[in-house]
Amino acid sequence: MKKIMIIGAGVYQLPLMQEAAKEQEVILVAPQINSVFEDLAAKCYICDVTDKEKILAYAQKEKIDGVITDQTDIAVRTVAYVAEKMGLPGIGYQTACLFTDKSLMRDKCEELNIPTLPHVLARNLEQALQFYNGIGADSVIIKPVDNQGSRGVQQVDSESDLRLKFEEAMRYSRSGGVLIEKRAKGREFVVESLCLDGKYYPLICGDTNYFNIQDAFAAKTRLFPSCAEKSLVDRVQALNKKIVTGFGLIQGISHSEYIMDGDELYLIETAARGGGVFISSDLISIGTGLNTEKFLIRIALGEQDSAPELEYRNNACGYMAFFLPKGEVIFADGIDEVMQLPYVHRNLLHDIKIGLKTEFQLDKTTRYPVIVSASNLEELEKRMEYIRGRINIKVSDGENENTIIWE
Ligand SMILES: Nc1ncnc2c1ncn2[C@@H]1O[C@H](COP(=O)(O)OP(=O)(O)O)[C@@H](O)[C@H]1O
Ligand SMILES: [Mg+2]
């Protein structure tokens, strides 16, 4: 048994925690730790996951053999920092910074001769206004340069809009920078890949579809494989390989997002960890047979000597997600039935019970996802449609009864 430190204890780190606890002694570090995680951990430290010095001190005290996170960006720098300082397997702190800063990602693309959308890193409203008034695009996207979960990501359609929304984006930026970028209007792709000893292996590539809610930059579905024609998917895959290897990821899983504008493909962001919402734990393994958690644990411990066997399966899978309106759940039907369907995998439906108080926030954090698999995309769509028809939830805000938000 070895000692592995896991940083982060949110719902999407649970698959990693469960796998690690089977064979290793887990030292868990997170700002909040619930009893499910506590029961699996050998030892818990309550700490902000970005506090890299404090966490390094814990890691040294515990003499850990490896450090890891998954499905969240917030802990990626700390993981790399602790590994680097202790001489454990990792991606390097500088690489971790590149993969968690949207402005550095664009600088690096330019260095690699990869086209980027017109953008600027603004530190104050004046810089933002200057860029906005200069680019001549009708709309731009503003986003904190180093956050995740769509917090603070907004569309801006006018100068007054920018004045109004800039501060909100700044509020979520850790380093005090906001990226302002021409808004691309095409389709979006999501790509997962794997690296080992600097060698790149493609995993899955899919389509992202968004809620039709202003400034809710949260996906309502992510479906694998992409339904785009093969030549386009090949272009996405080639670009992803160029970016992930060009950015210097030597090991681990990467999660990248691309958007089209006209015929050109652009990087939205790339992360040095598996995709959240159980993409890493469930969708990668449904698509390729990889046990992602096992792989991540083995590389963190320096035990993965050869490339894992990937078996690209000719199937389909994805997540569907919904929001609940703000209030209190007064009626919930179909949830148990849906959770028991053989093609339904991990999900967060078990949290929904009569009496549950709900928040509705325009970011990804309050979504309820369900992972679904099928033998092809057509069947996947049918199964998702069936699930939409079966789940019936009513939420009261004291005056009105509202229902699930699927679109
Ligand atoms: N330049 C852009 N043009 C159009 N949409 C964008 C642009 N940048 C971001 N978006 C939209 O906002 C979403 C969230 O932005 P992203 O940079 O991925 O932030 P987060 O790290 O919070 O996920 C993207 O998935 C995409 O839908
Ligand atoms: Mg994103």
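This is a short tour of a predicted model, stop by stop.

**The whole chain**

Start with everything shown as a cartoon. You are looking at 13 helices and 20 strands. The radius of gyration is 21 Å, close to the 22 Å that the globule rule gives for 407 residues, so the chain is as compact as a globular protein of that length. Turn the view along the principal axes, and the C-alpha atoms fill a box of roughly 55 × 50 × 45 Å.

**Helices α3 and α4**

Next, select residues 52-62 for α3 and 76-86 for α4. Their axes come within 9 Å and cross at roughly 50°, and α3 and α4 are therefore oblique to each other. The crossing of this pair is right-handed. Now show side chains: on α3, pick Lys52, Ile55, Leu56, Ala59 and Gln60, which meet Arg77, Thr78, Tyr81, Val82, Lys85 and Met86 of α4. Coloured by class, this contact of α3 with α4 shows six nonpolar, two polar and three charged residues.

**A stop at Asn113**

Move on to the loop between α6 (102-111) and β5 (119-122), where you will find Asn113. Check its backbone: phi of Asn113 is near 60°, a positive value in a residue other than glycine.

**Helices α7 and α8**

Select 125-135 for α7 and 159-171 for α8. How far apart are the axes of α7 and α8? They lie 10 Å apart, and the helices pack at an angle of about 150°. That angle makes α7 roughly antiparallel to α8. Here too you can look for the handedness: α7 passes α8 in a right-handed crossing. From α7, the contact uses Leu125, Ala128, Leu129, Tyr132 and Asn133; from α8 come Glu159, Leu162, Arg163 and Phe166. By class, the contact of α7 with α8 has six nonpolar residues, one polar and two charged.

**The shell around ligand 1**

Centre the view on ligand 1 and bring up the 18 residues around it. Which of them come nearest? Ile141, Ser150, Glu181, Ala184 and Phe217 do. For the secondary structure behind the shell, highlight β6 (140-144), β12 (252-261) and β13 (264-271), each of which supplies at least two residues. Colouring the shell around ligand 1 by class gives eight nonpolar, three polar and seven charged residues.

**A cis peptide bond to finish**

Last, go to the loop between β11 (219-224) and α9 (230-246) and select Pro225. Is the bond from Phe224 to Pro225 cis or trans? This peptide bond is cis, with omega near -5°.

Notes
Residues numbered from 1 in each chain as written. Chains lettered and ligands numbered in written order. Predicted model: local features only at pLDDT ≥ 70, side-chain atom pairs only at ≥ 80, totals over all residues. Near = placed C-beta within 6 Å. Helix = DSSP H or I, 4+ residues; strand = E, 2+ residues; numbered from the N terminus. Nonpolar A, V, L, I, M, F, W, Y, C, P; charged D, E, K, R; others polar. Axes fitted to C-alpha atoms, helices over the stretch in contact; angles between N-to-C directions. Parallel < 35°, antiparallel > 145°, perpendicular 65-115°, else oblique. Left-handed = near helix turned anticlockwise from the far one by under 90°. Contact = placed C-beta atoms within 7 Å. Rg over C-alpha atoms; globule rule 2.2 N^0.38 Å.
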